[in-house]
Protein chains: 2
Amino acid sequence: MREEDKAGIRELPLFREVSSETFQGLMAASYSQVFPPKLDLFGQGDRADFLHILIEGGVALHAQWNGRDAVMTLLRPVSSFILAACIRDMPYLMSARTLERSTIVMIPAVDLRAAIRRDGDLAAAVMFELAGSYRSMVRQSKNLKLRTARERLAAWLLAQAHRQGRVNSFLLPVEKRDLASYLGMTPESLSRALGGLKSDGIALDGARVIITDWNRLAAVAAYDPLIDKLIDKWGEDT
Amino acid sequence: MREEDKAGIRELPLFREVSSETFQGLMAASYSQVFPPKLDLFGQGDRADFLHILIEGGVALHAQWNGRDAVMTLLRPVSSFILAACIRDMPYLMSARTLERSTIVMIPAVDLRAAIRRDGDLAAAVMFELAGSYRSMVRQSKNLKLRTARERLAAWLLAQAHRQGRVNSFLLPVEKRDLASYLGMTPESLSRALGGLKSDGIALDGARVIITDWNRLAAVAAYDPLIDKLIDKWGEDT
DNA sequence: ATCATTGATTGATCTACATCAAACATGGTT
DNA sequence: AACCATGTTTGATGTAGATCAATCAATGAT
C-alpha cells in the first residue's frame, strides 16, 4: 500500500485519534487494490468480510429488490463504507460498484473487530462515526419523504456547488442515470427536472451545471440544516 | 422510578451486558415520567439533552419541512430513541410525540456520555446498537425506494402479524393516519390500498386486519430478508 | 474518419398516488 | 341519549413522475 494512501486514511475521523500502533496494525493486515470502472465490488447479502475505504475514484452503493434497483449512496474519496455490516458481522444490505477506475483499501473485518476490542479510542471513533452515518440516513429519508423530485434535485445541486467550493459552475461528478436513481427518479425525469429548473436559477451545458441565481434555486430547495448537510471543500460543517 | 421499569430497561441490548455499577449510576441520574396521548416530547432542532426510553405506550418520531410532515418511525416498548443525537451531542433531526399515554424514562445525555467514557462494555453496546439502527434506516430507505405504496403496506401487515406471534388477525397498533404517513402515503391512499388488498389475502373489520391468505399477501410484499426484519414476539431474528 | 456502443434527451401516453370535498364512523362528554 | 370532536372512508378529479419509444449525442474501438 502506498504511503500517501495511508496518510489519507489516517485523516479520516475514524482513525484520526487512534494510536499509531493500532493504525499500523490494521494497515499491515489490509491491502489496496485498483478496480476498473463499473465493476461490482460485492453484492447485497454477501458476508461482510472487509471494511472498504475509497481512496481514489468513485463508488455507488445500491440495492435491488424484485428486479428493481436503486442507488442508495454516492461516495467520493476518502470515505469508508459498510462499517455497520462489519461491526454487526452481518451480510451487506447494499451492493457496491465502482463508478470509475478506483483505488480501494480493504481492512479485514475480523482484524477491525479485534482492534476495536483492544483499543478504546478506536471503539469511541467507530461509535461516533456510526452515530453520524445513522443521522445521514435519517436526513436522506427525510429528503425522500418530504421533498418532491424537483426539490431534491435543487437541494442536491446547491449542496454540490457548495462542496466544490461554492462555485457557480461545475461538472456533474456522476452519470446522470446514477444521480437520477440516487435522487429517487428515472433518468427521463431527471432530464426534465433539470430542464424545468432553467427558469429557477440554473443553466445547462451537457454535464455542466451553471448556477445563475442562487436565491431562486435555494427557494426551490428550501434549504434546511436538519436535512441538508452543506459541507464546504475543506470538509467543515457549515 | 419503578423497579419493574428498571428491569425492562436492563433487558435492552444497550444495557444487558453492562456492569450493574454503571447501570445503577445511570438509573440514579434518570427520571421516569408519564405523558398524556398526542403530546409533543420534543421538536426537531432541539438540543439532545436526554436519551429517551419508552417503557409503556407508544411514540412516533416524525419530521417536518416546509409545512409538510412525515412519520419516520413508530416505536413500541421497550425501546430507546434518539441515541445518535445524544452521542454526537447535536440537535435532534426528528420530533417525537406520544401516540397514547406513555411512560418514558429520560437519561441525561451528559451522564450517558460520561458513563460511556468510563465503561468500555457500555461503549461497545452503544456501538453495536448504532450499527443496528443504521442498518434499520437502510432497510427503510430501500423499502421506500424500491417498493410501491401497496407493496410496503403488504410487507408491513405481514411483519405486524409476525410480531404479534404469527397471528391471523390483529388490531392496528396505531391510528391509520400515522401508519399511512409512516408508509409514505396519505390516509386516503392507505384506506384504498387496504381495500385493494382484500383480493390478495386480507379481510378488514375496522381497525382489525384478518389475514386470509398468507401466500397471496406474501406474494404482493415479496418478502426479502435484506429489507424486512421479521421479529417474532420473543424478539428473535428470524 | 467510420462505426458501434452506451448514455441522454424528447415526445406521447399512462398510472399510482395526491388532493379536494363530502359523507360516514367512532369514541368520549355533558 | 344526544352531542361533538376526531378519525376514516368514499367519490371525483388532478398531477407528478413512470413508462414506452424514438431520436440524438458522446465515447471508444477498428
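# Close-up views of a predicted protein–DNA complex

**View 1. Pairing of strand 1 and strand 8 in chain A.** In this predicted model, the residue opposite Q33(A) is I104(A), which belongs to strand 8 of chain A. Strand 1 and strand 8 (residues 102-108) of chain A run antiparallel and are joined by five bridges. Strands of a sheet pair through backbone hydrogen bonds, in either a parallel or an antiparallel manner.

**View 2. The side of chain B that touches chain A.** Contacts between the two chains involve 39 residues of chain B and 39 residues of chain A. On chain B, the elements giving two or more residues to this side are strand 4 (59-65), strand 5 (68-75), helix 4 (83-88) and helix 6 (120-146). Helix 6 of chain B provides the largest share, 21 residues. Sorted by class, this side of chain B has 23 nonpolar, nine polar and seven charged residues.

**View 3. The protein surface near DNA strand D.** There are 16 residues around DNA strand D, and those that come nearest are T148(A), A149(A) and S189(A) from chain A, with K176(B) and R177(B) from chain B. Four helices each supply at least two residues of this surface: helix 7 (149-163) and helix 9 (187-196) of chain A, and helix 8 (176-182) and helix 9 (187-196) of chain B. The largest share, five residues, comes from helix 9 of chain B. The surface near DNA strand D is made up of seven charged, six polar and three nonpolar residues.

**View 4. Confidence of the prediction.** Chain A has a mean pLDDT of 95, and 97% of its residues reach 70 or more. For the complex, the predictor gives an ipTM of 0.95 and a pTM of 0.96.

Notes
Residues are numbered from 1 along each chain as its sequence is written. Chains are lettered from A and ligands numbered from 1 in the order in which they are written. This is a predicted model: local features need pLDDT of at least 70, side-chain atom pairs count only at pLDDT 80 or more; totals for chains, interfaces and linings use all residues. A residue is near a molecule or strand if its C-beta atom, placed from the backbone, lies within 6 Å of it. Ala, Val, Leu, Ile, Met, Phe, Trp, Tyr, Cys and Pro count as nonpolar, Asp, Glu, Lys and Arg as charged, and the others, Gly among them, as polar. pLDDT is the predictor's confidence in each residue, from 0 to 100. Two residues are in contact if their C-beta atoms, placed from the backbone, lie within 7 Å. Two strands pair if DSSP finds at least two bridges between them.
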